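User: I am new to this structure and would like a guided look at it. Could you show it to me first?
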Amino acid sequence: MIAVRGLTATRRDVVVLDDVDLTIENGEHVLLVGPNGSGKTTLVRHFNALLDPDGGMVEVNGTDAAASPVAARTSVGMVFQHPRDQFVAGTVGADVAFGPENLGLDRAEIDRRVEAALDAVDLAGQQDRRIGALSGGEQARVAIAGALAMEPDHLVLDEPLAGLDLRARRSVVDRLRELGENGTSIVAVTHDLRDLIELADRVVALVDGVVTADGPPETVLDDLEGFGVRDPRR
Amino acid sequence: MLRYTPGATLAHRLDPRSKLCFQIGFAVAAFGGASVGWLAGVYALAALALAAGRLDPRRVASDYAVVLAVLALAPPIAGIALGPPWFRVEPALHSLRAVARVPPVLAVSAVYVHTTPVRATRAAIERLVPGRPGQLLAVGVALVVRLFPLVVEDLRTIRRAIHARGGANRPVTDRARRLAVQGLDRTLARSGRLSVALRARCFAWNPTLPRLRFSRLDYPVTVLGLALALSPLLRWLAQSAARSPLLAIA
């Protein structure tokens, strides 16, 4: 479970998150929506201690994320908005293996995790391909595999469909659905609900650093009017 | 852009430690000799290294084009004199002999980059330099190798953006200034993003690195590397012995 309690974050004297309270249960699929600059990315970067809170705290599986960043980063897999920002190696296999290698696992376990993660995103056997030679959709899936190889309890995706064409979007959504069915909780940050709404148990709207709506999609969609979020019904 | 490319060539199959040994030995040998025959041998060995990695020399030349252009300028500049006869051949030739040693060293380093994954290099350095200094050096090399292609790509993107908006008509100094300022800005941003990516994936000083294994092929390459590293010393000893009065009497 990810529990956010009274989280406050400021950047250069501007309040980005204002006393945010939020709980994400294991296995839950949550869409975090809001216009640009509403604090979505800042919020999720606290989930795995990439940012330290200015006030309040984030607990991941009962542990303070800021106090135990490695535990938080192992439990919460993060997929960045731009996959290229996430890659730290030249080939698919080396990049997906990077996280498990940092956990000090033995080579056989690392190889198993890399194969399983690539299999989950439908890229089995592609270890030796150069990342630069992959399409945008394939790069997005490699980024997801990189997070999955840590075998996280929760997967956070920041704008997972941004910049992808229709086919690539479909491919990523299908992979996310399969992951969800396998019990991984998914938090997807977006301002475009069109493709992702079908996956969601719950939608949380964040505007100017404040949670303005939180509930099942059918009850929240009407509250999103005027917040710069693309309504899937239109 | 020159970077690691998976493959099954002879150079790909070698252990990174033997490749590092050969590379260092080769650089010592290239700068340790002066005769034309010696240089011809160095170039022949570099050609063999390129063949072992199935790397096209034209591609290497294209990737190092800027470096080679700067090197090509050195001999004429060295020959310029500030008075009559305005150009002196001897300093230019001296510079040419010095400059001529660099391209084969670049070619051998290109073969290494082309055939060795970054994490294998990191593992090799950590094995060769024990303890914390080895870890620091390995991480430093790994970060530079990861960041450098991104920085070069950014510079190319900025250059394309300048040209796409008619910037080619602007003075060279203006274009160079924009390239430098934007390049620095993007490099700093890249460094920041890479840092976040490394932390998000639990960056560790002592990760599980790939297994390195010496094959039968690695032994001759290592011996050759050591021999090349010692070659200037052996040559000097041989020359000294030849000039020795004791040897003359004998």
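Analyst: A definition comes first: helices (H or I, at least four residues) and strands (E, at least two) are DSSP runs, numbered from the N terminus. Two strands pair if DSSP finds at least two bridges between them. This is a predicted model, in which local features need pLDDT of at least 70, side-chain atom pairs count only at pLDDT 80 or more, and totals for chains, interfaces and linings use all residues. Residues are numbered from 1 along each chain as its sequence is written, chains are lettered from A and ligands numbered from 1 in the order in which they are written, and side-chain values use heavy atoms, with hydrogens and water left out.

User: Which strands form the hairpin with A:Arg12 in the turn?
Analyst: The hairpin is made by β1(A) and β2(A), with two residues between them. A:Arg12 in that turn has a positive phi of about 50°. Strand β1 (residues 2-11) and strand β2 (residues 14-24) of chain A run antiparallel and are joined by seven bridges. A:Leu7 stands opposite A:Val20 of β2(A), and A:Ile2 has A:Ile24 in β2(A) as its bridge partner.

User: What else does β1(A) pair with?
Analyst: β1(A) also pairs with strand β4 (residues 55-60) of chain A, in the antiparallel sense and over five bridges. There, A:Ala3 stands opposite A:Glu59 in β4(A).

User: What is the order of the open sheet of four strands?
Analyst: The order is β2-β1-β4-β5 in chain A, and the pairing is antiparallel. β2 and β5 (63-64) of chain A are the edge strands, each pairing on one side only.

User: Which strands does α1(A) lie across?
Analyst: α1(A) lies across β1, β2 and β4 of chain A and runs at about 125° to β1(A). For such angles, axes are lines fitted to C-alpha atoms, for helices over the stretch in contact, and angles run from 0 to 180 degrees between N-to-C directions. Contact means heavy atoms within 4.5 Å.

User: Is α1(A) enclosed or open, and why?
Analyst: Six of the eight residues of helix α1 (residues 40-47) of chain A are buried, so the helix is largely enclosed by the rest of the structure. Buried means under 20% relative accessible area, exposed over 50%, and partly exposed in between (1.4 Å probe, protein chains only). The buried residues are A:Lys40, A:Thr42, A:Leu43, A:Val44, A:His46 and A:Phe47. A:Ala49, which follows α1(A), has a positive phi near 60°.

User: Moving on, how is the six-stranded sheet arranged?
Analyst: This open sheet in chain A has the order β6-β7-β8-β3-β9-β10, with mixed pairing. β6 (76-79) and β10 (210-215) of chain A stand at the edges with a single partner strand each, so one side of each is left without a neighbour in the sheet. On average, neighbouring strands of this sheet are turned by 15° against each other, direction ignored.

User: Which helix packs on that sheet, touching β6 and β7?
Analyst: Helix α6 (residues 136-148) of chain A does so, and its direction makes about 160° with that of β6(A).

User: How does β7(A) pair with β6(A) and β8(A)?
Analyst: β6(A) and strand β7 (residues 154-158) of chain A run parallel and are joined by four bridges. A:Met78 has A:Val156 as its bridge partner, while A:Val79 has A:Leu157. Strand β8 (residues 185-190) of chain A also runs parallel to β7(A), with five bridges, and A:Val156 stands opposite A:Val187 there.

User: Where do the side chains of β7(A) point?
Analyst: A:His154, A:Val156 and A:Asp158 point one way, and A:Leu155 and A:Leu157 the other. In a regular strand the side chains alternate between the two faces of the sheet. Five of the five residues of β7(A) are buried, so the strand is largely enclosed by the rest of the structure.

User: And how many helices and strands does chain B have?
Analyst: Chain B has twelve helices and zero strands. Of its 250 residues, 39% count as buried. Along its principal axes, the C-alpha trace of chain B spans about 75 × 60 × 35 Å.
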